Amino acid sequence: MEKTDRPGSAYRLTTVDDVERTVGRPPSMIMLKQIKALDEGCRTVLAGSPVAAFGYRAPDGTSRTTFIGGVPGFARVHSPTRISFLLPGPGDPHGPVSLFFLLPGVGEILRVNGSVAARKGAEVTVDVAEAFVHCAQAVLRSRLWQAPGPLGVSGVPIPAESAEPAGRPAEVAGPGLGPGPLGEPGVAEFLAAAPFLALSTWDASGGADTSPRGDQGAAVRILDGRTLVLPDRRGNKRADTLHNLVQDDRLSLAALVPGRTGVLHVRGRGAITDDPALLETMALRGTPPHAALLIDVEYAELTGNDAVARSRLWSPGSHLDRGAAPDLMALAGKHLAANSAESEGGSSAFLLKALMAVPGLPRLLRLVVDRAYSSGLRKEGYAALAPGGSGRRRRRLPYRRAVDTGRDDRAEQQALREVRIAEVRRETPSAVTLVLEDCGREPGPFDFRPGQFFTLVADIDGRPVRRAYSASSVPGAARLEVTVKHIEGGRFSAHVHQGLRAGDRIAVRGPSGHFHAEPQPPDDIVLVAAGSGVTPIMSMIRTRLRDRSARDRMALLYSSSSAEEAIYGEELARLAKEHPDRFSVTQVLSRRDGRLDADRVRRWVTGAPPAPGAHYYVCGPAPLTALVREVLAGLGVPDGQVHHERYTGGTETGAGAGAGAGTTVPQRMTVERDGEAVGTAVVEPGQTLLDAGLAAGLPMPYSCTVGNCGDCMVRLRAGEVAQSEPNCLTERQKADGYVLACGGCPLSEVTLDIADP
């Protein structure tokens with residue numbers, strides 16, 4: 001046996017016989033619950049699961065475990081033996097892979113093992129080799145679905161007073177920790193609060209396994225800066241992890257803290273020990289685990305996880321109720337009956353199948369298993385744990401539920417609305433119009449004020465990407481039109497131009513924005529637009545000209561690079577011809593006429609002087625809006641009659657894409673409204689203030705998420721924030737302490753006020 005100075009080094013289990021002498025052989029009944037293809041029950045679980053743990057290796061052998069998904073049904077089932085899903089960010093899974101699927105509020109887990117069949121962009125296709133139901137003990141031990149307590153100073157949830165003692169927790173970094181990956185900022189604190197993790201291992205013959213591990217308090221202990229110890233408490237005796245490690249000691253894990261959206265990724269090498277002295281330190285009420293894993297950590301990184309954030313795993317509304325949740329124990333019983341009939345045949349298999357078909361038996365089985373869980377956990381030293389792990393007390397909301405609400409008085413407007421693309425209409429070589437229809441059971445009209453914008457939401461490479469686009473159609477119609485100009489390097493605009501087709505579905509949020517025409521417009525309206533800034537202006541024009549009885553007058557000054565690139569150019573000319581007494585348009589082509597300057601704008605405005613009470617609407621790049629406002633101020637036009645909307649031209653990335661300049665340490669964020677506390681959240685490394693607030697269920701205001709609209713503007717009351725540029729904040733707003741939550745990353749603990757500015 002190997003001899004080192006580390007605890008447990010003289011008690012290494014290095015063979016299958018060693019493992020089975022310690023934990024026992026897996027009963028044949030346990031192995032008979034395994035099936036080779038996804039049946040209807042498995043597909044039901046995948047349709048309801050919003051998140052899964054995923055373990056894979058890159059071609060160079062590097063192991064990684066993470067959490068994927070974000071919405072129920074994220075894993076697409078192509079056949080009983082093939083599924084696919086999106087793996088965002090860097091990662092090149094190769095060879096054998098493994099997953100387990102979680103159902104919020106449910107204790108049992110569906111495990112799926114297989115191998116990578118194809119990789120196209122972010123989409124990973126997996127050939128399924130086996131699937132089986134895992135017992136609820138890991139979820140029960142960790143209290144995974146129990147609502148987290150309030151956040152402490154370091155962002156760690158404070159345990160409820162009723163929580164049972166959990167043995168010795170993971171130690172927090174201190175002077176004695178020593179060098180190593182576990183001493184990186186935030187890692188030890190996260191492990192001290194992480195009761196649940198996914199652990200991935202591989203065998204020597206091409207098999208993979210990702211299994212859940214959970215414990216009260218912390219699931220692992222830190223021995224030093226590069227060593228973890230993970231207790232292996234009694235379970236179903238499959239011992240896949242232990243059998244794998246005696247063949248291949250490389251492993252990876254991903255740890256969760258309830259209430260937080262960060263995931264700690266660890267990889268290293270594992271060894272199995274039954275050292276009595278070490279196991280005694282992890283005893284619960286005098287009962288030590290039968291074995292433990294010593295993990296030599298090579299890498300540890302704490303990052304925000306989009307799948308965990310979007311899944312809202314700890315929101316009570318996401319938990320399944322008893323009527324909606326599939327009973328995984330009943331599913332395991334069906335698998336056992338089917339496999340018994342196939343392998344054994346005869347009267348025993350027939351009897352088992354007959355029993356599983358008896359009405360009410362699954363419910364009775366559930367009660368029996370729940371009692372077995374409780375009894376077994378009490379023997380291990382646990383107490384006061386809810387039986388069954390199902391926790392199915394909450395009502396499941398449909399996928400189209402209204403989530404991510406903005407300001408409370410606009411909650412209904414801010415609900416996501418699923419829409420179908422009815423038409424993609426080419427406007428210019430670089431601009432298309434999306435014609436959208438409501439996908440609801442009772443489709444309704446799109447109500448807004450002319451000039452307002454909607455936020456479009458689409459999944460791109462496994463992540464929800466949002467961009468704000470002004471409505472160009474008439475309010476109250478059954479179809480909503482938005483025009484999208486292709487931006488070089490823009491993720492969303494490229495997706496619209498290259499990936500979306502009629503029949504595809506996306507989501508919209510809105511309407512939003514303070515740039516809009518009034519219900520009772522003045523007699524004279526002066527409009528100035530450049531480039532795609534004509535889109536909200538077009539909604540105003542179409543709306544007013546639709547009223548045949550009106551007598552108001554509109555004049556438009558529209559600048560574009562060329563006649564070919566003039567959005568709605570032909571329609572504007574036609575409308576001016578059809579309504580000569582009400583509408584006129586002056587087009588400036590910058591490649592031919594040069595850019596608009598102050599002198600040209602002044603001459604145009606004064607050439608046909610509007611009435612003194614005229615209102616002016618200006619939309620375009622920031623330099624244009626500033627120029628026009630300066631001209632109008634020089635002509636004595638009151639500020640109250642000038643309305644403007646600017647955008648940061650030349651980029652689609654905006655604030656959200658450039659975020660991430662904060663510290664590498666999780667930061668606590670306190671949210672207030674007019675000085676009254678609303679709640680707290682932890683901003684993980686790489687997360688924005690907005691992402692963290694929404695994931696914690698806080699009523700953060702927002703719309704476009706890229707720093708262009710200003711809807712997410714909040715006041716920084718305390719702390720320091722790194723703000724991405726460019727953005728739509730004015731110098732005055734910055735001086736007054738406002739930041740954009742969608743592009744702000746904390747450099748310290750922060751306090752935000754989300755009251756309407």
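Predicted model: local features only at pLDDT ≥ 70, side-chain atom pairs only at ≥ 80, totals over all residues.
## Overall content

The protein chain has 757 residues, and 55% of them are buried. Its secondary structure comes to 21 helices and 33 strands.

## Two helix pairs

Two packed helices are described by the angle between their axes and the distance between the axes. The table gives both values for each pair.

| Helix pair | Residues | Angle between axes | Distance between axes |
|---|---|---|---|
| α14 and α15 | 534–546 and 569–578 | roughly 30° | within 12 Å |
| α17 and α18 | 598–607 and 622–634 | about 50° | 10 Å |

Take α14 and α15 to begin with. Angles under 35 degrees count as roughly parallel. The axes of α14 and α15 cross at roughly 30°, and the two helices are therefore roughly parallel to each other. Their crossing is left-handed. On the α14 side, the contact is made by Val 534, Met 538, Ile 541, Arg 542 and Leu 545. Helix α15 contributes Glu 571, Leu 572 and Leu 575. By class, the residues of this contact are six nonpolar, no polar and two charged.

Which residues of α15 are buried? They are Gly 569, Leu 572, Leu 575 and Ala 576. These residues cover an arc of only 130° around the axis, so they sit on the same side of α15. The cover over them includes α14, β23 and β24. The face turned away from this buried side carries Glu 570 and Lys 577, which are exposed.

Now α17 and α18. Their axes pack at an angle of about 50°, and the pair is therefore oblique. The crossing is right-handed. Ala 598, Val 601, Arg 602 and Val 605 of α17 meet Leu 627, Val 628, Val 631 and Leu 632 of α18. This contact divides into seven nonpolar residues, no polar ones and one charged.

The buried residues of α17 are Val 601, Trp 604 and Val 605. Their arc around the axis is only 95°, which puts them on the same side of α17. They pack against strands β22, β23 (553–560), β24 (583–589) and β25 (615–621), and against α18. Val 601 and Val 605 are also part of the contact with α18.

## Single residues

Ala 52 lies in strand β2 (residues 51–57). Its relative accessible area is 0%, so Ala 52 is buried. Beyond its neighbours within four places in sequence, Ala 52 contacts Thr 66, Phe 67, Ile 68, Phe 74, Phe 100 and Phe 101. Leu 102 is 50 residues away along the chain, yet its C-alpha atom is 5.8 Å from that of Ala 52.

His 516 belongs to the loop between β21 (505–512) and β22 (524–530). Is His 516 buried or exposed? At a relative accessible area of 10%, His 516 is buried. Not counting residues up to four places away in sequence, His 516 touches Arg 449, Pro 450, Gly 451, Gln 452, Met 540 and Tyr 617.

Asp 593 is in helix α16 (residues 590–593). With 30% relative accessibility, Asp 593 counts as partly exposed. Its contacts, leaving aside neighbours within four places in sequence, are Gln 587, Val 588 and Arg 600. Asp 593 and Ser 561 are 32 residues apart in sequence, with 9.3 Å between their C-alpha atoms.

## Backbone details

The peptide bond from Gly 510 to Pro 511 is cis, with omega near 10°. Pro 511 lies in strand β21.

Two non-glycine residues with positive phi follow. Arg 285 has a phi of about 50°. Arg 285 is in the loop between α7 (276–280) and β15 (291–304). Asp 674 has a phi near 55°. The loop between β27 (667–673) and β28 (676–683) holds Asp 674. Asp 674 is exposed, with a relative accessible area of 63%.

Conventions
Residues numbered from 1 in each chain as written. Heavy atoms only, no water. Axes fitted to C-alpha atoms, helices over the stretch in contact; angles between N-to-C directions. Helix = DSSP H or I, 4+ residues; strand = E, 2+ residues; numbered from the N terminus. Parallel < 35°, antiparallel > 145°, perpendicular 65-115°, else oblique. Left-handed = near helix turned anticlockwise from the far one by under 90°. Contact = heavy atoms within 4.5 Å. Nonpolar A, V, L, I, M, F, W, Y, C, P; charged D, E, K, R; others polar. Buried < 20%, exposed > 50% of the residue type's maximum accessible area, 1.4 Å probe, protein only. Arc of directions from axis to C-beta.
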